[in-house]
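Let's take a walk through this model together. Have a look at the sequence and the fold, and then follow along paragraph by paragraph.

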Amino acid sequence: MNEEEVKNKIIIPFLNSIGFDSEQLSFEESFNLCLGKRLLPKEDISFNGRLDILVKFNNNPFMLFELKRSDKKLDEKDLKQALSYSKLIEGIVPYTVLTNGVEFKIYNTFTEEEIDEAIKQCDPAFMNAMKQAKEKAPRPGTSPPAEHP
């Protein structure tokens, strides 16, 4: 699956299943950069930065998803990209998720420590919802199941 398929077939259904609606999600959004007291609008920034999915809770940044295609092995460069985006968002995003739709790595943005083991131990429902979203996603080269009336 490419990034778009990972987003539409796995991540969005997962986020919906744990209670996030479309008003709480931002997709492929460019962002502003704040240096000291000066806010640089995205039009003035000379580098390209675009987050894949930003999840908001109570209208504040909560979780950023950096998506990769399903056959991409997640590496340190991908992690640095994801964490840098989370830190550049105004209000700093506390949680960063790096995923290829098969592997999910969840990080505390401030400490840069992976926290998915803690989530598995503390909230098995969170990981169960992630697993169900993955299981419902059509496999590459197959059609989604037909809807029954």
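Lys 105 and Glu 103 form a salt bridge, their closest N and O atoms being 3.5 Å apart. A salt bridge here is a side-chain nitrogen of Lys or Arg within 4 Å of a carboxyl oxygen of Asp or Glu. Glu 103 counts as partly exposed because its relative accessibility is 31%; the classes are buried under 20% relative accessible area, exposed over 50%, and partly exposed in between, using a 1.4 Å probe and protein chains only.

A word on what you are looking at: this is a predicted model, in which local features need pLDDT of at least 70 and side-chain atom pairs count only at pLDDT 80 or more, while totals for chains, interfaces and linings use all residues. Residues are numbered from 1 along each chain as its sequence is written, and side-chain values use heavy atoms, with hydrogens and water left out.

Back to the charged pairs: by the rule above, the count comes to 10 salt bridges. Another of them joins Lys 68 to Glu 66, with 3.2 Å between the closest N and O atoms. Both Lys 68 and Glu 66 are buried. Lys 68 also meets the side chain of Asp 78 in a salt bridge, at 3.8 Å from N to O. This pair links distant parts of the chain, 10 residues apart: Asp 78 sits in helix 2 (residues 76-88), and Lys 68 in the loop between strand 5 (60-67) and helix 2. Asp 78 counts as buried because its relative accessibility is 6%, and Lys 68 is buried too, with a relative accessible area of 10%. Through shared partners, salt bridges join Glu 66, Lys 68, Lys 72, Asp 75 and Asp 78 into one network.

Now for the overall layout. The chain has four helices and eight strands, where helices (H or I, at least four residues) and strands (E, at least two) are DSSP runs numbered from the N terminus. Along the sequence they follow the pattern α-β-β-β-β-β-α-β-β-β-α-α. Of the 149 residues in the chain, 40% are buried.

Two strands pair if DSSP finds at least two bridges between them. Strand 4 (residues 53-57) and strand 5, for instance, pair in the antiparallel sense over five bridges; Phe 57 has Asn 60 in strand 5 as its bridge partner.

Ser 26 is found in strand 1 (residues 25-27) and is buried, with a relative accessible area of 14%. Leaving out residues up to four places away in sequence, Ser 26 touches Leu 51, Asp 52, Ile 53, Leu 54 and Lys 56, contact meaning heavy atoms within 4.5 Å. Ile 106 is in strand 7 (residues 104-108) and is buried, at a relative accessible area of 3%. Ile 106 and Leu 64 are 42 residues apart in sequence and 9.7 Å apart in space, C-alpha to C-alpha.
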